[in-house]
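Please look at the sequence and the model first, and then read the points below by topic.

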Amino acid sequence: MLTRNTFLAGAAALVALSVVAPAGAQAPIKIGELNSYKVFPAFLEPYKKGFELAVEEVNAAGGVLGRKIEVVSRDDNGNPGDAVRVAEELLSREGASFLVGTFPSNVGLAVADFAKQRKVLFIAAEPLTDKIVWDQGNAYTFRLRTSTYMQTAMLIPDAVKLNKKRWAIVYPNYEYGQSATAAFKKLLSAKQPGVEFVTEQATPLGKIDAGAVVQALADAKPDAIFSSLFGPDLAKFVREGQQRGVFKGVEVFNLLAGEPEYLDPLKEETPDGWYVTGYPWSELKTPEHTKFLDAYQAKYKDYPRLGSVVGYATIMSAVAIIKKAGSLDQDKLIAAASGITVLTPFGMVEYRPIDHQSTMGAYVGKLGVKDGKGYMKEWRFVDGKDVLPSDAEIKEMRPAK
Amino acid sequence: MTFASIIIQLLNGLAAAASLFLVSAGLSLIFGVTRIVNFAHGSLYMLGLYGAYSLIQALGRTPMGFWTSVVLAALAVGLVGVLIEVLILRRIYKAPELFQLLATFAVVLVIKDIALFVWGAEDLVGPRAPGLSTVEILGRRIPTYDLLLIAIGPMVLLAMWLLLTRTRWGALVRAATQDREMVGALGVDQAKLFTSVFFVGAVLAGLGGALQIPREPANLELDLSVIADAFVVTVVGGLGSIGGAFLAAVLIGVAKAFCIGIGTVNWFGAEIVFSKLTLVVEFLIMAIVLVVRPFGLLGKPQAAQRIAADPAPPLTVPSWTFVLIGLALLLVVPIATDRYVTILLTDIFCFALFAVSLHFIMGPAGMVSFGHAAYFGLGAYAAGLLLKRAGLPMEMALVLAPLVAGAFAVVYGWFCVRLSGVYLAMLTLAFAQISWSIVFQWDSFTGGSNGVFGVWPSAWLAGKTTYYYLALAFCGAGIALLWRVLFSPFGYALRAGRDSALRAEAIGIDLRAYQWMAFVLVGALAGLAGAVYAFSKGSISPSTISIAQSTDGLIMVLLGGVETLTGPLAGAAIFTWLRDEVARRTEFWRAVMGLVILAIVLLFPQGLVGGLKALTQRWREARSWEKTV
């Protein structure tokens, strides 16, 4: 007979179940992701595909800590103020366990500072700025991508080998271009005493007056040019320079120009023989890359861009950290992240305990043109750990606590 | 610079000026006749580039295919312009001044997402101009196409001049530019005239874009990057003056080329990097031109416009019950809702004060500001720098920041109140952009493009709930102060000046001094909003001073209704909430935002609060009529 007591007990059990169940074994672990999707769609659409692939693979393999993972993604509008707001929303309303993502350096730095204030793990996926792990580094922030300094340093051996005396420099006038230029001048001067930097052009991002800039560089009669242009600026620079014959007999180094995001639009205009950092996706034969490439192409019927690799590796890093920590406690996550090794499509990377920078590498090579399309030739992989400054230098830059 | 490089840079500058001129000529024409600040003009330019790219793919990379594509793309963009005019703008010509800006802003959002959907995210690099190689001038090679562009500029100028002075249509356009009410009274079909003007203006924008295809990859950032330049050229040249636009385009194009050509120089031991000036040179030129010539290079004083809309109704103070209920609700929010609502509301408080301060200056004081973010951003930076660089306690920094922003307003305002109308608005924009570029480049002091970090409130204020109450108190007090001032003699004097400057001065009001004071007051309070905002985010970046921030302010005020007191509050709340909500729910959130704004624009041409007021008014009238019957 159904007494009042059993009825109440049953009801209580039901209530208890409905309260406990979502927090129990079945609820997915939420990872908060924010990025400037509408401001930098060329890089971030492939990035999103990359992380969605990673989520699918992780969940197919049973998730982590016995739970599935879910990435809650937000658009930060490319604006640090909005980014801090959506970061707060991800943590306090969505219940995200920690944060990943961001693209431009000012947004990355703002979210890093927010993570420090909130004492939450933040894996900066894409920002290239050196400051995020050095000058402005903090205990809660880890960065995946090969930084501006690292990519610049990768080009230095080739620059030294050429032994050119007169260098001209062109860069987009904001953090990334400024640090690339500073790093390049410092590193090259150290390796090649007597090198001269004959002219410098700082161009507004996205609004280069390519004809005038190319002419000004040529007027300085350089033996070589170092550029950190990308996107529409790069395309305009290449077109004007080639038309005007300015690159004839001049060696050109261009950061990032080998990344499919920026290389593919150039098509038959691709400048032959430029030294670049990039991602020759079709020629990589390592097992970890082949596995990634096959899965990506099967899912999207499209080839991966560098953004895809970054998105994929970000989620793989996040999952590895959760697994190693064995819990979602922030202190345990931070402890786990420090020094963790993760297998990415570019091989094993380590998030270094000293500055929380991953040792993800990049490919260095020259540009070439084949069948009206640009590609990277004579490329080699440079491991990130080989191009970082000494520990003493890093301790000097990074705030103690 | 050698003689040869001077000549070559001159040619580079002239080539760059050509497209700029075409876009600006279209903008100037549209503004002259319809008085619409067409924010979507840059989007038309962008569509011209995308359209030409696709057409060339279809028609082939031959000279024939290329030029046919350019012309077809321009005409197609013209049709888009007609669509915008017929479907949207025609319905809101009678709305308060500048309201159409809101509609064109929505169009920008929609077109951007359509372009993303149709052409994808990757930049599209067009072909070189087929059949045209390079020529050698003074030992340097120049693309022949650049020389062609240099010729096209004056040709279009000549064609426009003939069209405007030798045809009946041109006579009507000129007449409407001077006095469109009179043209209407004389029996000219205004709707047709406006549509045709929009067509021609849009064709010029499309042509300017399509002609850039060998020089510029089609990409999604073009719309906003070109619109600011086009406004500058239009205003520097003088509104409605096609010749002036040409002169201004050449001036700016050449000035930029020379900044690049000169590069870095050493003067008296100081290193000056001219190439960095390219970030701001057009705004510097605009500021100088406007200070010296208040109506641009070739512009004439604006003819007194008969206002198409009814004069602004007197302001009504919100009732105490309304205010108290609102406040009571806001006070219980942190107890009753989740943490994120307080975060979002803190943002809304900052933007509400920002919008109310903008409303004060553009509504009752009658001085539209396109660069209001200057004070918001400078206040934010002052707060951050006083905390981090001067080492002041956070409470001091928060209180002093508005004074710093106000001090800047003293300087900027002194120049601005000497102008009127769009010229005044553009000078405020020039000052904002100059401030932005200094903040953006002064790495050692302002943190450059990254900004300032670690700007957190003191420990006792750091809790989100505590900070929520602080933001409510400071922003609420700021808003209350501004409203109070509006109903003081000072406020009435400002409104008198807006409605009739002549009569106001006749009764002994020193209008310029009053307007200057108004500038300082709103500057300081926008600065307060910025400071509160900075401490709620923990960091400040140059985007707080950007054009986008200024535009957001305008959108909030217009969305809520410029003729009401509470409009800016509603506008700030709805705009911020909507963006937060829509961005979360859909990938194409910009298009959705744009469509929502368009719907509001078409349904409530007085803004949301204005529209609601009109509705309740009508309902009351209907009821009282029923009673009498």
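A residue is called buried if 20 or more other C-beta atoms lie within 10 Å of its own, exposed if 12 or fewer do, and partly exposed in between, with C-beta atoms placed from the backbone. By that rule A110(A), with 29 C-beta neighbours inside 10 Å, counts as buried. The model is predicted: local features need pLDDT of at least 70, side-chain atom pairs count only at pLDDT 80 or more, and totals for chains, interfaces and linings use all residues. Residues are numbered from 1 along each chain as its sequence is written, while chains are lettered from A and ligands numbered from 1 in the order in which they are written.

**The interface between chain A and chain B**

- Two residues are in contact if their C-beta atoms, placed from the backbone, lie within 7 Å. On this basis 54 residues of chain A are in contact with 61 residues of chain B.
- Helices (H or I, at least four residues) and strands (E, at least two) are DSSP runs, numbered from the N terminus. Among the elements of chain A that each supply at least two residues of the side touching chain B are helix 2 (41-60), strand 2 (69-75), helix 3 (80-92) and helix 4 (105-118).
- Strand 7 (196-203), helix 7 (210-219) and helix 8 (232-243) of chain A also each supply at least two residues of that side.
- The side of chain A that touches chain B divides into 17 nonpolar, 17 polar and 20 charged residues. Here Ala, Val, Leu, Ile, Met, Phe, Trp, Tyr, Cys and Pro count as nonpolar, Asp, Glu, Lys and Arg as charged, and the others, Gly among them, as polar.

**Two residues with partners across the interface**

- A110(A) lies in helix 4 of chain A. Leaving aside neighbours within four places in sequence, A110(A) is in contact with P80(A), A83(A) and V84(A), and also with F453(B), S539(B) and S541(B).
- G454(B) belongs to strand 5 (residues 452-455) of chain B and is partly exposed, with 14 other C-beta atoms within 10 Å.
- Leaving aside neighbours within four places in sequence, the contacts of G454(B) are D113(A), K388(B) and G538(B).
- G454(B) and S539(B) are 85 residues apart along the chain, and their C-alpha atoms are separated by 6.0 Å.

**Chain A: annotated region and sheet**

- The UniProt annotation "domain: Leucine-binding protein", from an unreviewed entry, covers residues 42-371 of chain A. UniProt positions are given in the numbering used here, feature names are shortened, and annotations may be inferred rather than shown by experiment.
- Over residues 42-371 chain A is 44% helix and 19% strand, and the end C-alpha atoms are 23 Å apart.
- In chain A, 7 strands form an open sheet of mixed pairing, in the order 7-6-8-9-10-13-14; two strands pair if DSSP finds at least two bridges between them.
- Strand 7 and strand 14 (373-382) of chain A stand at the edges with a single partner strand each, so one side of each is left without a neighbour in the sheet.
- Strand 8 (residues 224-227) and strand 9 of chain A run parallel and are joined by 4 bridges, with I225(A) opposite V252(A).
- Of the 8 residues of strand 9 (residues 251-258) of chain A, 7 are buried, so this strand is largely enclosed by the rest of the structure.
- Strand 10 (residues 275-278) and strand 13 (residues 362-370) of chain A pair in the antiparallel sense over 4 bridges; in strand 13, G365(A) is the bridge partner of V276(A).

**Chain B: two domains**

- Chain B is divided into domain 1 (3-292) and domain 2 (320-598), with bounds that come from an automatic or database domain assignment.
- The C-alpha centres of the two domains of chain B lie 32 Å apart, and their contact takes 29 residues from domain 1 and 30 residues from domain 2.
- Helix 4 (99-119), helix 8 (222-237) and helix 10 (281-292) of chain B each supply at least two residues of the side of domain 1 that touches domain 2. Helix 4 of chain B gives the most, with 13 residues.
- That side of domain 1 of chain B divides into 26 nonpolar, no polar and 3 charged residues.

- N77(A), a residue other than glycine, has a positive phi near 65 degrees. N77(A) is found in the loop between strand 2 and helix 3 of chain A and is buried, with 23 other C-beta atoms within 10 Å.
- R35(B) is not a glycine, yet its phi is positive at about 60 degrees. R35(B) is found in the loop between helix 1 (3-34) and helix 2 (41-59) of chain B, and with 20 C-beta neighbours inside 10 Å it counts as buried.
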